[in-house]
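Welcome! Take a look at the structure, then try each task before reading on.

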Amino acid sequence: MEQGTGVDVNAPTLAGFVMQNTKDKDLVILMQAIALSCKQISTAVKRAGIAQLYGLAGEMNSTGDDQKKLDVMSNDIMINALRNSGVCSVLVSEEDEEPIIVPEGMQGKYCVAFDPLDGSSNIDCNVSVGTIFGVYEKKEGSTGTTADILRCGDDMLCAGYCVYSSAVELVFAFKGGGVHCFCLDPSIGEFINSRVMKFPEGGGKKIFSCNEGNSEKWDQPIKDCVAAFKIGEKPYAARYTGSMVADIHRTLLYGGIFMYPADKKSPKGKLRILYEGFPMAMLIEQCGGIASTGLFNGSFGRILDVVPQHIHDRCPIIMGGERDVVFFYDFYKKAGFTVPKS
């Protein structure tokens, strides 16, 4: 800390952190492009009311959701930054039906899947939204194809999200490493490493997060589990915003469980694997939690082991602290299912 200024002159920036841990200049360039995109999107979110960016753009995205004006702008920001970075080959966005193949003369070794503005259905009422991303390395000898990114989550090199709220925080991890939070310092325009993320000791607060409006379509063990959350001397608190970034950020910091399970209407769940399930699963696991599909195709498995069949494929999501996911498993065990060992 510089004496008398309150400024830590040695605080590591995102770029410095990536370089120190990888010595990979291309990865530094990639993360700088993502960070720039997040700063631009953050500014657009803050100015949405003034700049008339609330409301629908009049189109649907690749997965059938109505596009907001900010969805379209955020997507353009991400694509332009990543395509022009010189280090990417394949881009997959929630907002585009087909993958974006970077022209050969501009290609690099990375493939990025991203949701440019997660939770955008909440943007008009000023609820926290965010950006989610997962990064793969192009297969050896590949010229950049969809096959480079249609892989299991365990093949990701790194993943993260940025949450736009009272502060702008980018949460990021390399495969097998710690999960670090970088806070945007508006005075210098840089993301500064502010803390290491880890699930609270003992599981933390008892919070469950799910859309109970779908409960009639759930399996009976899930109904029983959610009912059990609500009873007892100290029942769980219910917290659900409809913005995955906000709900997962809270879960990582406070503890609890986030659920978007398969149901009778959506047997694969609602959330997309490549740019929602995989990045969040990596962060959850590396913070000491469990990221499960729940009961999916007749068995339970890790989200990171799923192999997507197409770029907008979906999978059910049950993720959170070990205490709470094991509690969830117990209701399936009572119903006669074989569940993972804790």
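**Exercise 1.** Are F328 and Y332 buried or exposed?

*Solution.* This is a predicted model. Buried means under 20% relative accessible area. In this model, both F328 and Y332 are buried.

**Exercise 2.** Find how F300 and Y332 are arranged, and where each one sits in the chain.

*Solution.* Start with the overall picture: searching the whole structure gives 13 aromatic pairs. One of them joins F300 and Y332, with 5.1 Å centre to centre and 80° between the planes. Next, locate the partners: F300 belongs to strand β15 (residues 299-302), while Y332 belongs to helix α7 (residues 322-334). The two are 32 residues apart, so this pair links distant parts of the chain. Finally, F300 and Y332 are both buried.

**Exercise 3.** Classify the pair of F328 and Y332.

*Solution.* The ring centres of F328 and Y332 are 5.5 Å apart and the planes meet at 55°, so this pair is tilted. Then look at the helix: F328 and Y332 are separated by about one helical turn, because they lie four residues apart in helix α7.

**Exercise 4.** Which residues do ring pairs link into a cluster, and which charged end sits over the ring of F331?

*Solution.* First, the cluster consists of F208, F229, Y236, F327 and F331. Second, the charged end of K334 sits over the ring of F331, 4.7 Å from its centre. Elsewhere, K205 lies over the face of Y254, at 4.4 Å from the ring centre.

Terms used
Residues are numbered from 1 along each chain as its sequence is written. This is a predicted model: local features need pLDDT of at least 70, side-chain atom pairs count only at pLDDT 80 or more; totals for chains, interfaces and linings use all residues. Side-chain values use heavy atoms; hydrogens and water are left out. Rings of Phe, Tyr and Trp (its six-membered ring) pair if their centres lie within 6.5 Å; planes under 30 degrees apart count as stacked, over 60 as edge-to-face and the rest as tilted. Buried means under 20% relative accessible area, exposed over 50%, partly exposed in between (1.4 Å probe, protein chains only). A charge sits over a ring if NZ of Lys or CZ of Arg is within 6 Å of the ring centre and within 35 degrees of the ring normal.
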